[in-house]
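Take a moment to look over the chain, and then we will walk through some of its details together.

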Amino acid sequence: MPLFFARSGVCAAAAAASLLVSFVAGSTAYAAAAPIVLTGADRRAAMSLDGEWASIVDPYFSGLFSFHHEEKKNGFFMNYKAKPGDPFPTEYDFGKAPRLKVPGDWNTQRESLMYYEGPVWLEKDFTYEPKQQTHVFLHVGAANYHSWFWVNGQKVCEHEGGFTSFNCEITQAVHAGSNFVVAAVDNTRDEDNVPTMQTDWWNYGGLTRDVSLIEVPEAFIDQYDVHLSRTEEGVIEGWVHVTGAGAGTKAEVQIPELKAGSTAEVGADGRAALHFNVKGLERWSPEKPKLYKVVIRAGQDTVDELIGFRTVETRGTEILLNGKPIFLRGVCIHAEAPYRTGRAYSDKDAETLLGWVKELGGNFARLAHYPHAETMLRAADRMGVLVWSENPVYWALQFENPKVLAKAEQQLDEEINTSRNHAAIVLWSMANETPNTPVRTQFIETLASRARSADPTRLITAALLVHAKGSTKIIDDPLGQALDVIGFNEYIGWYEGHPESADTTEWQVAYQKPLIVSEFGGEAKAGLHGNETERWTEEFQANIYRHQLPMLNKIAQLRGMSAWLLMDFRSPNRPLTGIQDEFNRKGLISEQGEKKQAFYVLQKAYKEQTIGNAK
Ligand code: GCU
């Protein structure tokens, strides 16, 4: 599409040029800072921007790029309102544009967008009164996949990665009275993305979690870590990081219920180290998910947190929670919303999903294959469900591409720094079902050591593929060296063999480490019945479980399991009409909450604790 320069000759050009000056001043002159992590952002007072946003679907991204693919200075981010006599056409109007709800993926909100992959513009007006000595951040819970943000026409940040929260400084862009924010969100899949082209989940696009404005004082607490020491009994340790702290700023952590706490000086690196004794602390566990109010202060800034205190570690092939061996009775969960489907984000979504884990007799959930919402992690803390949290290094990334490693590192940092104070999270998973190649191993070893140094209080794992020699399954992927706990996926009875094949399957494990079977199972259409040899029936799926559990129980160092999976979820790889209808049907429960027979087979084993060697 030629810009008015080409067609409309000199006079139009002159008029346009003068207009352009104001755009440049408004848009690109301001260098957008990189977004930051704000630990506990959901615990801060915030002005919500959730609700209806104006939306423009822009498959050719012509709202940002010109016909010569140069970035526009007067793109849709200017939210320009056409005026009579303008010497150029304005071919968009957010005022008249259809609405989309935020938080929410666009796919399940509009039939025409169910398969849409590309850029969508979203605009929201808001009123704001700037305050002295106050920073304002635009908090985004998640935006899938690549997103750009402008406030009042000024670019404020850009982000890549669909499952971690980020915060854009907008202090210089807002003004008193009415303001507007424009987001461009693009869920186009690319070879060098994380995850990349192939996933077995629907590529839900949009502002999929809450969006709000958060105010903080000039010196503010951006990250903190408060946890129970593994090595010293009755000691809380960690740190508080303060941005903009003047020399001599003190950071303080208080646990009023325990009349315990400490104050420490913030160093040149913005960090204050914590180390203090507590008496009478009740440790967090799935049976007793005790949370304490923890007040974190520095300068004028305060964060009121809710934290559970527990330790997790390995000892040989044991996983120890609070020093005692534990067996993780679990199930995998995708962030698919129960009943309404689409990307899950709400407290209700979380409580429904984790409520089913509890009903199953479970104490553990593998949140697959990407970081889930803070609402899910808060619910896991509250309800007492141990969590495996995963970075979306899924299947075959471009492991040789340093740009891809940087993206995976960025997402890992955001995941850990946002969610490090959740007692429920005991495992950081680096990857799922990646090909066993040296470049892959090196890539993930880099991530594993990064995670270990960022958070030495949790266990590092990954879901590995296994191979076979005859009826012996072998777990010896070299990546296992870099892990504290080995996860492995197997689908005996579904993708290979028959359910009964499990009865004669032996397991050979190359590592003296705790093992978790991170995926097993098969598909069934809820309500479809037949005999147990008929694939897709509930009886067939239940039969897989009946043969899996005794087989898994024979693996001496098995310390946990997460069946694939709790609830059916939308997937582009599942077209079988009348059965899958674009849903992966390996759920123990359908997306409409119908429990399948296999749910009760696993529930019986979990409730009677007939599974697992270390109870
Ligand atoms: C894989 C993969 C899952 C997938 C599952 C399946 O193991 O990790 O993401 O959904 O198998 O095939 O159902």
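This is a predicted model: local features need pLDDT of at least 70, side-chain atom pairs count only at pLDDT 80 or more; totals for chains, interfaces and linings use all residues.

N79 is not a glycine, and yet its phi is positive, about 50°. Is N79 buried or exposed? Its relative accessibility is 7%, and buried means under 20%, so N79 counts as buried.

Y339 sits in the loop between β21 (328-334) and α3 (347-359). Its phi is positive too, near 70°, and Y339 is likewise a residue other than glycine. With a relative accessibility of 42%, Y339 counts as partly exposed.

Loops also hold the cis peptide bonds described here. One runs from V194 to P195, with omega near -5°, and P195 belongs to the loop between β9 (177-186) and β10 (211-217). Another joins W564 and L565, where omega is about 0°. You will find L565 in the loop between β31 (558-563) and β32 (569-570).

Next, the cysteines. How many disulfides does a search of the whole structure find? The search finds one. It is formed by C157 and C168, whose sulfur atoms are 2.0 Å apart. The pair links distant parts of the chain, eleven residues apart: C157 is in strand β7 (residues 154-160) and C168 in strand β8 (residues 166-169). The link is right-handed, with 45° about the S-S bond. C157 and C168 are both buried. In general, a disulfide is a covalent bond between the sulfur atoms of two cysteines. C332 is another buried residue, with a relative accessible area of 0%.

Now for a helix. Helix α4 (residues 374-383) is mostly covered, as seven of its ten residues are buried. Among them are E374, M376, L377 and R378. After α4 comes G384, with a positive phi near 80°.

Across from L320 stands P325 in β20.

Our last stop is the ligand. There are 14 residues around the ligand, and D200, E433, Y495, E519 and K586 come nearest. By class, this shell holds five nonpolar, four polar and five charged residues.

| Residue | Distance from a side-chain N or O atom to a ligand oxygen atom |
|---|---|
| D200 | 2.5 Å |
| E519 | 2.6 Å |
| N584 | 2.8 Å |

On its own the ligand has 310 Å² of accessible area, and the protein covers 96% of it.

Key
Residues are numbered from 1 along each chain as its sequence is written. Side-chain values use heavy atoms; hydrogens and water are left out. A residue is near a molecule or strand if one of its heavy atoms lies within 4 Å of it. A polar contact is a pair of N or O atoms within 3.5 Å; within protein, one must be able to donate a hydrogen and the other to accept it, and residues adjacent in sequence count only if both atoms are side-chain atoms. Accessible areas come from the Shrake-Rupley method with a 1.4 Å probe; for residues, only the protein chains shown count as cover. Ala, Val, Leu, Ile, Met, Phe, Trp, Tyr, Cys and Pro count as nonpolar, Asp, Glu, Lys and Arg as charged, and the others, Gly among them, as polar. A disulfide is a pair of cysteine sulfur atoms within 2.5 Å. Helices (H or I, at least four residues) and strands (E, at least two) are DSSP runs, numbered from the N terminus. Buried means under 20% relative accessible area, exposed over 50%, partly exposed in between (1.4 Å probe, protein chains only). Two strands pair if DSSP finds at least two bridges between them.
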